[in-house]
Amino acid sequence: MKITKAEFITSVASKDKFYKTEKPIIAVVGKSNVGKSSLINMLARNKKLAKTSVTPGRTRLVNYFDFGSFVLADLPGYGFAKVSKEEKKKWADLLESFLQTEKLNLLICLVDSRHDPTEDDIMMINYLYHYSIPFVIVATKVDKLSKTKIKPQMMTITRKLKVGIDDITPTSAESGFGREEVLSLIEKSL
Ligand code: GDP
């Protein structure tokens, strides 16, 4: 699939303001600092589209982007340690109401390829199974792994998340590796 357009639409901070569209919605989720903004920029081939944060945990909003044939929703990052319980609950509520009310074509769940999935990652996948929300796993930052480590690490991650090896796609926003694969997963869901 070719991306001919990638423009910011709006950011929303509360569930009564979710952006309404006739277009299919693809959402992206993952823990803070996993590389969500970088992946969105890689898909758009625009390094400035989504802000990549030096300070993790800045994304407290749902950010919407118009990708032409679909709308991409960038969901608030979870599992960020350095915020208050109250703040965490606010993000979790926003995320959960989004997943409950918006009809998604696909949810792209990001995990860091260098690490085992966190408790939050596992909880997220269980939640998606429970509510039958269609999802794929995308592993970020594979450029930080040696070539021989990629496959075994993908196997470890999928085993821990209780998904199949075909359900994970390794990517690197640094090199653009995996871009076509992610786009073809999106295309299949449209
Ligand atoms: P977000 O908080 O999930 O949106 O994460 P960001 O996209 O802001 O990325 C967090 C940090 O990881 C930044 O310093 C990025 O430069 C870095 N990063 C993101 N993707 C990659 C990648 O594919 N390879 C490498 N080496 N670094 C990455």
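I checked H2 and H3 and found them roughly parallel to each other, because their axes cross at roughly 25 degrees and angles under 35 degrees count as roughly parallel. H2 covers residues 85-101, H3 covers residues 119-130, and their axes come within 12 Å. Here helices are DSSP runs (H or I, at least four residues), numbered from the N terminus. Axes are lines fitted to C-alpha atoms over the stretch in contact, with angles from 0 to 180 degrees between N-to-C directions.

A note on sources: this is a predicted model, where local features need pLDDT of at least 70 and side-chain atom pairs pLDDT 80 or more, while totals for chains, interfaces and linings use all residues. Residues are numbered from 1 along each chain as its sequence is written, and side-chain values use heavy atoms, leaving out hydrogens and water.

A polar side-chain atom of Ser38 is 2.6 Å from a ligand oxygen. For Lys36, a backbone N or O atom lies 2.8 Å from a ligand oxygen. Asn33 has a polar backbone atom 2.9 Å from one.

Conventions
Polar contact = N/O pair within 3.5 Å; in protein donor to acceptor, adjacent residues only side chain to side chain. Helix = DSSP H or I, 4+ residues; strand = E, 2+ residues; numbered from the N terminus. Parallel < 35°, antiparallel > 145°, perpendicular 65-115°, else oblique.
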